[in-house]
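This report walks through one protein chain for a reader who has not seen it before. Please look over the sequence and the structure before reading on.

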Amino acid sequence: MASKIVFVFLVALFSYLYLVMFSPMKINTAIPFTPSTPSVIVVGGGAAGLSAAIEAHLAGADVTIIEKEARLGGNSAKASSGINAVDSSTQLHSNSHDSFKEFKEDTIKSGGGACNETLVNILVQQSSSAIDFLREYEVDLSVLSKCGGHSHPRTHRGRPPPPGQPAQNIGFIIMTKLISYLENQAKNNGTSTAGRRGGKIKIIKKARVTRLITLDEVKKD
């Protein structure tokens with residue numbers, strides 16, 4: 001009888017440990033809001049989320065990043081092609097004859113009628129600034145490739161590794177650089193590597209956002 005009780009206890013204990021270690025946790029306590037400091041909550045730790053977090057941080061906001069997985073990166077870390085852009089310094093140095101008009105046309109054609117033209121315009125017009133942003137974090141995007149659906153070489157990626165070293169997806173390289181920056185800021189209390197003072201960074205992993213509580217709701221309570 002005693003051995004059965006011990007067995008049941010051990011099963012329950014290991015089940016609890018498994019849930020704690022591998023299941024996303026729920027945050028039941030609200031993240032405090034301080035009116036004196038702008039606060040930004042970023043849901044998702046992929047390329048879009050981390051880019052937004054960095055920009056908000058450098059603008060002086062306190063940023064909380066919430067990621068449901070055990071690590072940051074998302075699907076962006078699996079991307080292998082590169083970053084598409086027109087009018088970048090890499091393109092200009094290659095004497096490319098690409099244009100904003102052709103990039104837009106290629107994008108709309110590839111979308112098969114499902115594109116939002118306003119968003120396509122933003123994508124095209126701001127594409128080179130995305131390359132500049134990533135280069136600030138030492139991402140090598142010095143090589144141009146012509147991928148499917150493009151009329152010109154405009155897919156930016158890094159140089160191949162030296163002989164004997166394994167190649168890495170450009171998405172993995174980008175996310176590694178952005179994650180490294182943000183984790184360093186979280187440790188250093190928001191002092192940027194450029195010497196500028198940014199907002200504080202807090203990173204919460206293995207957590208799901210289940211509800212957005214507005215200030216109006218808080219005031220009612």
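A residue is called buried when its relative accessible area is under 20%, exposed when the value is over 50%, and partly exposed in between. By this rule Asp-106 and Arg-154 are both buried.

## Overview

The model shown is predicted. Its protein chain has 8 helices and 8 strands. Of the 221 residues in the protein chain, 27% are buried.

Among contacts in the protein chain between residues at least 6 apart in sequence, 64% join residues that are at least 24 apart. The chain exposes about 14600 Å², and carbon and sulfur atoms supply 58% of that area.

## Salt bridges around helix H4

Side chains of opposite charge can pair when their charged atoms come close. The structure holds 6 salt bridges, and those described here include residues of helix H4, which spans residues 100-110.

One of them joins Glu-105 and Lys-101, with the closest N and O atoms 2.6 Å apart. Both residues belong to helix H4 and are 4 residues apart, so about one helical turn separates them. Glu-105 counts as partly exposed because its relative accessibility is 40%. Lys-101 counts as exposed, because its value is 57%.

Asp-106 forms a salt bridge with Arg-154, where the closest N and O atoms are 2.8 Å apart. Asp-106 lies in helix H4, while Arg-154 lies in the loop between S5 and strand S6 (155-157), so the pair ties together parts that are 48 residues apart in sequence. The two partners are buried. They also belong to a network of salt bridges that links Asp-98, Asp-106 and Arg-154.

## A buried histidine

Where does His-57 lie? His-57 is part of helix H2, which covers residues 47-58. The relative accessibility of His-57 is 0%, so the residue counts as buried. The side chain of His-57 reaches the backbone oxygen of Gly-199 at 2.7 Å.

## Two loop residues with positive phi

Glu-138 lies in the loop between helix H6 (127-135) and strand S5 (143-145). Glu-138 is not a glycine, yet it has a positive phi of about 60 degrees. Because its relative accessibility is 64%, Glu-138 counts as exposed.

Lys-206 is found in the loop between strand S7 (201-204) and strand S8 (207-208). Its phi is near 55 degrees, a positive value in a residue other than glycine. Is Lys-206 buried or exposed? With a relative accessible area of 17%, Lys-206 is buried, because the cut-off for buried residues is under 20%.

How values were computed:
Residues numbered from 1 in each chain as written. Predicted model: local features only at pLDDT ≥ 70, side-chain atom pairs only at ≥ 80, totals over all residues. Heavy atoms only, no water. Buried < 20%, exposed > 50% of the residue type's maximum accessible area, 1.4 Å probe, protein only. Polar contact = N/O pair within 3.5 Å; in protein donor to acceptor, adjacent residues only side chain to side chain. Salt bridge = Lys/Arg side-chain N within 4 Å of Asp/Glu carboxyl O. Contact = heavy atoms within 4.5 Å. Areas by Shrake-Rupley, 256 points an atom, 1.4 Å probe, with all protein chains shown as cover.
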